[in-house]
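Let's take a walk through a protein model together, one piece at a time. Keep the picture open beside you and look up each residue as we come to it.

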Amino acid sequence: MTEDALVDEELLTIGAFAARARLSAKALRLYDRLGLLAPAQVDELSGYRYYRADQVERARLVALLRQLDMPLARIAEVVEAEGATGADLLARYWADVETRFAGQRTLAEYLRGRLSGRSSEMYGKFVVETVDVPERVVITESRHTLADELPAWIGASLGRLEEAARSCGGVTAAPYVVYHSEVSMESDGPAESCVPVADEAAARAWAAGRGRAWETRVRVEPAQRLAYTRITKAQVAHPQILAAFEAVEEWMAREGLEMAGPCREVYFADWDAAGPEDEVCDVAFPVRRSGGQAVR
């Protein structure tokens, strides 16, 4: 826009514009510095800022988005978007916020139970059951990983294994992750992603072709009984998922059962499509009677 055109338009001083936008001059200077709302004109001699009246809507929008604690880069995307695109961007951001809040709410409940000594009450919220699973051929990928790296690795590794399963007779059961040692912010496992497949010979040929890439292998997991509890997407986050593991362990002790193998997470739902409160995962332990007897 030319300088003559700007002169023809109604230009407002920063004070007048701030009053019309219901914002402070300090906030407007901040938005300018952050690149979210630049003045229409700045006097070269005085440094005074001038705004157009039609910038009021953008100023108010920026202020409201900042109240949602939206990162500056995402605010810029929303205010620059046209039509329904901005609304879609906002919806995506808020879905992420709700997922995070749901996880934090679950974590707060877990910590309150720990701090108050009400562990048994906390564990009582989980329903523990048992299920028998048959012998299965699984293709696997293992990795030493800390807790903060775990979610991304689980998604990527299961994706790779499910793609490979197409050449191994197809997937025959829900994928799962086995923890051969503790995974936390201090301990790095290892963890093992597993996908059951139909064709053992084809699976072994696939693994042989991979060599040591991604630490892949094929193994036959024996038939076993699992003690498990079902949890929501929000409850999967670390460390709140620990409450589910501990609830199953407490139940096993009451029932006279002991671990017969490493614990695991069985992912039976579409993770991307699930909401924070949707059930997506079974936290499970292979079990046997104390003393080594099989569970019947």
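Two residues are in contact, or touch, when they have heavy atoms within 4.5 Å. With that in mind, look at L161, which touches I139, T140, E141, S193, C194, V195 and W206, leaving out residues up to four places away in sequence. Before we go on, a word on where this comes from: this is a predicted model, in which local features need pLDDT of at least 70 and side-chain atom pairs count only at pLDDT 80 or more, while totals for chains, interfaces and linings use all residues. Residues are numbered from 1 along each chain as its sequence is written, and side-chain values use heavy atoms, with hydrogens and water left out.

Where does L161 sit? L161 belongs to helix α8. Helices (H or I, at least four residues) and strands (E, at least two) are DSSP runs, numbered from the N terminus. L161 has a relative accessible area of 1%, so L161 is buried. Here buried means under 20% relative accessible area, exposed means over 50%, and partly exposed is in between, using a 1.4 Å probe and protein chains only. From L161 to Y267 there are 106 residues along the sequence, and their C-alpha atoms are 14 Å apart in space.

Next, the nonpolar cores. A nonpolar core is a set of buried Ala, Val, Leu, Ile, Met, Phe, Trp, Tyr and Cys residues joined through side-chain atoms within 4.5 Å. The largest one has 44 residues, and those with the most contacts inside it are I139, I154, Y179, V197, I231 and M252. Helices α8 (150-164), α9 (200-210) and α11 each supply at least two residues of this core, as do the strands β5 (136-143), β6 (176-179), β7 (191-197), β9 (224-232) and β12 (279-289). Which element gives the most to this core? That is α11, with eight residues. As for I154, its contacts beyond four places in sequence are V177, Y179, S193, E265 and Y267. A second, separate core has 24 residues, including A21, Y51, V56 and L65.

Stay with helix α11 (residues 241-254) for a moment, where you will find E246. Is E246 buried or exposed? E246 counts as buried, because its relative accessibility is 17%. Beyond residues up to four places away in sequence, E246 touches Y110, R114 and Y123.

Now move to helix α3 (residues 25-33), where A27, L28 and Y31 are buried. Looking down the axis of α3, the buried residues fall within an arc of 100°, so they line one face of the helix; the arc is that of the directions from the helix axis to the C-beta atoms. There is a handy rule behind such patterns: an α-helix has 3.6 residues a turn, so residues three or four places apart point the same way. The buried residues of α3 pack against α2 (14-21), β3 (49-52) and α4 (56-67). On the face turned away from that buried side, α3 carries the exposed residues K26 and R33.

How do α2 and α3 meet? Their axes come within 9 Å and cross at roughly 100°. Axes are lines fitted to C-alpha atoms, for helices over the stretch in contact, and angles run from 0 to 180 degrees between N-to-C directions. The two helices α2 and α3 are therefore roughly perpendicular to each other. Angles of 65 to 115 degrees count as roughly perpendicular. In this contact, I14, F17 and A18 of α2 meet A25, L28 and R29 of α3.

Let's finish with the loops and some backbone angles. L34 is found in the loop between α3 and β2 (41-42), and L34 touches R66 and L72, not counting residues up to four places away in sequence. Most residues other than glycine have a negative phi, and most peptide bonds are trans. R22, in the loop between α2 and α3, has a positive phi near 60°. D69, in the loop between α4 and α5 (72-80), also has a positive phi near 60°. Lastly, the peptide bond from G189 to P190 is cis, with omega near 20°, and P190 lies in the loop between β6 and β7.

Definitions and conventions: Parallel < 35°, antiparallel > 145°, perpendicular 65-115°, else oblique.
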